[in-house]
Structures are given as C-alpha cells and as structure tokens.
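Hi there,

Here is the structure I promised to pass on to you. Have a look at it first, and then read on for what turned up.

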Amino acid sequence: MSGRILLLSAVVGFATLCQAATDPLPAWRDGAGKQRILDFVREVSTPGGSHYVTPAERIAVFDDDGTLWPEKPGPQGLFALERLRLQAPQHPEWQNQMPFKAALELQGRYLQEADDASVFQLVAVAQAGRTQAAFRSDAREFLGTARHPRFQQTWTRLAYTPMRELLAYLRANGFHNFIVSAGSVDLARILASETYGISSDDVIGSSVVATLREEDGKLVLRRLATVHSLNDGAIKPLSIDQHIGLRPILAAGNVRSGGDIDMLRYSQRAETPGARPQQSLQILIRHDDFEREYAYDEKDRASLNAADANGWMIVSMRYDWRQVFSFQTAEAPAPAPADAP
C-alpha cells in the first residue's frame, strides 16, 4: 500500500511540474480572464484559423505607470522631486508658484494625487538646462538606486510579475510589444529596456523641447523647460499611428484618470464591410489590492464604464493575480467571492 501511495504521489508531483512548465502565465490565477488571454493569443497566432493575424500585424501596446509598475508614486515624480529639491535654493519663486510650491511642501503626498500633466511639468522644469546625455545618466542612476517609499525596492524590481509574463508570452507568439506612456519617454525607455527587454525604439512617451547647441566644438542637445508633447488621453492613438503606423490588436491600461480609454478604444478593430472580422483584446488593470499594492478607483468610474460598454477585460489585482511583485510570495489560487467587484 505504501508503495502505491508513493507512486501516486510521484505521479501527482510530476503532473504538477508539467503543468507549471507549460503554463505561460503562472502568476495569473486560473479563471475566465486568464483563459481569455490564452484563447485570444491562440486564435490570432494559429495559421489557417478564422481569426489569424500575421506577425507583422500583431501589435500590442501597454501603458506603463499603473499598468506595468506602480504609479503611486510613479518613478518620474520621485525623480523630478529629487532634482527639484536640489534646484530650489536657486529658484525662490517656486515657494509661491504652483505646482512647485505644492511639490516641495507636500513631497510624496503631492505625487500621490497629482495628474500626469502636473508631474511631467515638474520633470521639464527641474531638468531644464541639462544636456540629454546628463539627464539620461541621472535617470539611469536614479532608477537603479532609488527605492520606492513603501516597498523599499529599486524600480527595476517593481515590475508587476503577471505583466512581465504576459509580455514574454506575447513576444513568444510573434507579437511586437510597445510601451505608450504619459510619462517621460527617457525614463520609460530605461525601465523598458532593463526590466522588460523592450527596445528603446519601441517606447512612446511625453517629451520636452530640446535645443541643439555647439559647445567646445561639439554639438549637444540641451533640455528646455517647455513641454513638447504630453502623451496622454486622445494623444496616445495619434502617437501610435505616427510612430508605429499600425492599429494594435491588444492594448493594456489601468484605472486611474481615464488616460488610457482612447488607446484601448483605438485598438478595437472596426469591421470593414465584406472583410473578415479581426480579433482584438483590451485589458484594464484595476488597483484593488491594498495589501500587496494599492486600492483606488476613479471618482467618475470613466474607465470602468468604458470597459463595461465595450466588453473589455477588467483585471483585478486582488483576485486575478496570484503574485504582484517578484519579491512577494505567490499566493495559492483562490476564486473571487460572488460579490467581488
């Protein structure tokens, strides 16, 4: 009898190992959401299928802050605040000028509630006059050494594990992944390259005006305090068209200020009369896990309302993810209660 029990245990253990090895999304809890992703990828990547999409058209776009890593506070805000504090003695006018006054007085509390436009303005002004090379060097050092005030981890370790898995799964199935950020394109490029393996060429983000100057016989780019483009809201589809030239078939954003609604709507394939219908997938991350990350929603529920109206996939951090960060212990799969949001 004991031999049979040992044999059965070995079989079960082997089956478990095989399942883990073949599951491309182990940090996602089994359920309708995870299955929807698996089915979508299989349908668009199976040659001869009714929903097959050629590799050249398998474009996936991802917001970053709040979708790939935390946004409360986001990395660009903390980076701007560090430089702002250093520059404050040379700018006494900031003591009475918004948003600098609020940022200097409230520090991290300001970043928790400030919108993307206000935070990026801090980045633009705090780094004005720096060369692009110096800015990028500072940004790389900050992202490699600065620690999140709550999690006490460097930013390269704050990637959401389920989203890293999703990006890798898509890449393995012929997708071309892009980051479309409302934050600084320079910071996003560093994090994308080092954390997700996404080339800097495949990152679209907000930018400042720069000027070309000759200094000591060399041409250098210096940053100005003027915002060139804030890549948010309705600008995201325009940026996607300008930089990629193809409409994505997968888009992922998160619930916060409605800034990803237009990007997700743009990724929905409108059927052309007489043409074969094409599949698409829209993913909206909901921050509802106050224990492992944060819990917050939009006051007007704009993103959730858009998701309900358009049939988008709403991902609950609390109920759909077994693990949020790699430094946290993965939880055993557990179904959401019947009254879960």
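Please keep in mind that this is a predicted model. I'll begin with a pair of helices. Helix α3 (residues 75–87) and helix α7 (residues 132–145) have axes that come within 11 Å of each other and cross at roughly 115 degrees. That makes α3 roughly perpendicular to α7. As for handedness, the crossing of α3 and α7 is right-handed.

Helix α7 also leads us to the charged pairs. The count of salt bridges comes to 14, and I picked out a few for you.

One of them is made by R136 and D186, whose closest N and O atoms are 2.8 Å apart. This pair links distant parts of the chain, since R136 is in helix α7 and D186 is in helix α9 (residues 185–196), 50 residues apart. Are the two partners buried or exposed? R136 has a relative accessibility of 37%, so it counts as partly exposed. D186, with a relative accessible area of 7%, is buried because that value is under 20%.

Another salt bridge joins the side chains of D297 and R286, at 2.6 Å from N to O. Here too the pair links distant parts of the chain: R286 is in strand β6, while D297 is in the loop between β6 (281–286) and α12 (302–310), and the two are 11 residues apart. D297 is partly exposed, with a relative accessible area of 37%, whereas R286 is buried at 13%.

Then there is D30 with K34, whose side chains meet in a salt bridge of 3.0 Å, N to O. D30 has 57% relative accessibility and therefore counts as exposed, the cut-off being over 50%. K34 has 5% and so counts as buried.

L212, L219 and L221 form a nonpolar patch on the surface, and together they have about 320 Å² of accessible area. Of these, L212 is in strand β3 (residues 203–215). With a relative accessible area of 56%, L212 is exposed.

If you open the model, you might start with R136, as this residue sits in helix α7 and forms the salt bridge with D186. From there you can go on to the crossing of α3 and α7, and then to the leucine patch of L212, L219 and L221.

Technical notes:
Residues are numbered from 1 along each chain as its sequence is written. This is a predicted model: local features need pLDDT of at least 70, side-chain atom pairs count only at pLDDT 80 or more; totals for chains, interfaces and linings use all residues. Side-chain values use heavy atoms; hydrogens and water are left out. Patches are made of residues with over 30% relative accessible area and no salt bridge: like charges are joined within 9 Å, nonpolar side chains (Val, Leu, Ile, Met, Phe, Trp, Tyr) within 5 Å. Accessible areas come from the Shrake-Rupley method with a 1.4 Å probe; for residues, only the protein chains shown count as cover. A salt bridge is a side-chain nitrogen of Lys or Arg within 4 Å of a carboxyl oxygen of Asp or Glu. Helices (H or I, at least four residues) and strands (E, at least two) are DSSP runs, numbered from the N terminus. Buried means under 20% relative accessible area, exposed over 50%, partly exposed in between (1.4 Å probe, protein chains only). Axes are lines fitted to C-alpha atoms, for helices over the stretch in contact, and angles run from 0 to 180 degrees between N-to-C directions. Angles under 35 degrees count as roughly parallel, over 145 as roughly antiparallel, 65 to 115 as roughly perpendicular and the rest as oblique. A crossing is left-handed if the near helix is turned anticlockwise from the far one by less than a right angle, and right-handed if clockwise.
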